[in-house]
Amino acid sequence: LDKKRPHGKPLVLTARMSSAATPPQAQQAAPDATLAAERRVTYLLDDHIGVHASPEASLRKPHTVRLTDNLVVDCGLDKHMTMVRSGGDGWSPAPAATVRRYHTDAYVAFLEKIELHGKEVANEAANYVLNNSVCFSETAWPYAQIYAGASMHAAELLATGKADIAINWSGGQAHARRDCASGFSYVNDVVLAVLTLLQSVERVLFINVDSVHASGVEEAFYTTDRVMCVSLHRHGDGYFPGSGGAKDAGERAGKGHNINLPVERGFSDADLEALLPPVVEAAAARYQPAAVVLLAGTGLLSGDRLGCMNVTLGGYSKAVECVLALRRPTLLLGGGGYTTSIATRAWAAATSLACGAAPLPLAELRPDHPCPQQLSETVMGNENGAAALAATREAALERIASTPARDPPVVPSPPAAAEASLPADGAAPAGAADKTAAAGGSDPAAAEASNGTPSAAEPQPA
């Protein structure tokens, strides 16, 4: 799978989905072919993401993302989107100063020392972990810089109107706190990406669809109304991280802007379809976000070794489609994925949906691919009752209705240069410059979490 590719400047493949290029099955599955043809999709990747160390106890393996990148290319999806590799004129790993937009100086300094001075800081590790599930590898910092840099660059592309959908499957590590790691998350790229968007847009809708609650994101934006968080996740029975209760609604300016949809083990396709789309549609209609961040984790898929859910690839695809149907600038992030064969195929299928195609029939496209053509289904007993799910849905809809109705947002327009064709030499266009102008937030307490003296205009997490 690890094909030889020239190094140096990143390879950028610019293409738009057209009816002539769309496979027959995609034409049948896409009800709005015009919309699919107009989507500008950017896919961010790093060719060396898979070499980073992953301790045995850490179930989120970086090489899963590398396998996904290869599967996406092998299935020909690179012809329908812009693929931007790290380095050169593409995007760069996040520097320490950028990571400090959210994380504390002391924690970032600790992460920087692990790779070359791990023995010296080994005794300090206990000060920077939230729970005993954290495993620091010797390359934790460069690995975190890669996935955080990709998520932030993807957010910049959306904020500047250079992409309609941006994809970073290495991102979605939503558990890290400002001053410590949590779970398998060292740096919270989701919070950093949302902060990047908030420098240009007024409101962001964050949607978590995974087996685990996006605890770090909820905590960061719990007291602001500039981010609405909707999270569908497994909850109860001591399941990690233990947060995400249905009554957690937000505080201060953020009251009513935190919507949790906790479910039990055995959650199925029918349960997912009954619960998620109505809430997402209501949230978007009421809140009118200028951008959407979807954490499309694969922990809820049947066969995942942590999730214990019954959702199939078809159900997962419908969940992704209901978010893409909002027609807002959308950032797709990976989140949890603890069984490589399942996560690889699910993220490739989500990529095809972003391009306007149907879920990938791997048996037809690549019969020789080592990724299993059919995912094994592990059927768990469904502990979710129809009445309980209906009550969860109605409570979420009532909470959304209690928030102020917003006017439609001003969505970033594509710059004139975005329509330019690829240069003859194949060089990538220059990356978007860091935006320094920020919009003011409505939460007077949000600045309390900043590392230094907060700017009155800069949106800060709670």
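A crossing of two helices is called left-handed if the near helix is turned anticlockwise from the far one by less than a right angle, and right-handed if clockwise. The model examined here is predicted, so that local features need pLDDT of at least 70 and side-chain atom pairs count only at pLDDT 80 or more, while totals for chains, interfaces and linings use all residues. Residues are numbered from 1 along each chain as its sequence is written, and side-chain values use heavy atoms, with hydrogens and water left out.

Helices (H or I, at least four residues) and strands (E, at least two) are DSSP runs, numbered from the N terminus. The axes of helix α6 (residues 140-159) and helix α7 (residues 189-198) come within 8 Å and cross at roughly 25°, axes being lines fitted to C-alpha atoms, for helices over the stretch in contact, and angles running from 0 to 180 degrees between N-to-C directions. That angle makes α6 roughly parallel to α7, a term used for angles under 35 degrees, and the crossing of α6 past α7 is right-handed. The contact (heavy atoms within 4.5 Å) involves residues including Tyr 147, Met 152 and Leu 158 of α6 and Leu 192 and Thr 196 of α7.

How values were computed:
Angles under 35 degrees count as roughly parallel, over 145 as roughly antiparallel, 65 to 115 as roughly perpendicular and the rest as oblique.
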